[in-house]
Amino acid sequence: MRSAASHGIWDIIAIGLKDIVLCQVKTRDWPGTANDDARKLFPAPPNACKVIHRSRTRQRKPKIRGI
């Protein structure tokens, strides 16, 4: 699932055979601590991985931070 310009807690939810990835995508700054707290408390199954991808201009790879 992809949610462009979303106002939700996750932008991308990927479901595989063995795991789930919940991803928030940012283009400039890392999200604030209030948003991080909401993501930490978000109920998810034990096999779910919660990450934030931050893309910067003129950089090929995003910075990735786990929650």
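Is Arg 28 buried or exposed? With a relative accessible area of 58%, Arg 28 is exposed, where buried means under 20% relative accessible area, exposed over 50% and partly exposed in between, for a 1.4 Å probe and protein chains only.

## Basis of the model

This is a predicted model, in which local features need pLDDT of at least 70 and side-chain atom pairs count only at pLDDT 80 or more, while totals for chains, interfaces and linings use all residues. Residues are numbered from 1 along each chain as its sequence is written, and side-chain values use heavy atoms, with hydrogens and water left out.

## The sheet

Four strands form an open sheet in the order β1-β2-β3-β4, with mixed pairing; strands (E, at least two residues) and helices (H or I, at least four residues) are DSSP runs numbered from the N terminus, and two strands pair if DSSP finds at least two bridges between them. Because β1 (12–15) and β4 each have a single partner strand, they stand at the edges, and one side of each is left without a neighbour in the sheet. Neighbouring strands of this sheet are turned by 25° against each other on average, direction ignored, the axes being lines fitted to C-alpha atoms, for helices over the stretch in contact, and angles running from 0 to 180 degrees between N-to-C directions.

Strands β2 (residues 20–26) and β3 (residues 48–54) run parallel and are joined by seven bridges; Gln 24 has Ile 52 in β3 as its bridge partner. Between β2 and β3 the chain passes through helix α1 (residues 33–41), and this β-α-β crossover is right-handed, a term that applies if, with the strands pointing away from the viewer, the path from the first strand over the helix to the second runs clockwise.

On the pairing of β3 with β4 (residues 63–66), the two strands run antiparallel and four bridges join them. Val 51 has Gly 66 in β4 as its bridge partner, and His 53 stands opposite Ile 64 in β4.

## Salt bridges

A search of the whole structure finds two salt bridges, each defined by a side-chain nitrogen of Lys or Arg within 4 Å of a carboxyl oxygen of Asp or Glu. In one of them, the side chains of Arg 28 and Asp 29 meet at 3.0 Å, N to O, and Asp 29, at 44% relative accessibility, counts as partly exposed.

The side chains of Asp 36 and Arg 65 also meet in a salt bridge, at 3.0 Å, N to O. Because Asp 36 lies in helix α1 and Arg 65 in strand β4, this pair ties together parts that are 29 residues apart in sequence. Asp 36 counts as buried at 13% relative accessibility, whereas Arg 65 is partly exposed, with a relative accessible area of 29%.
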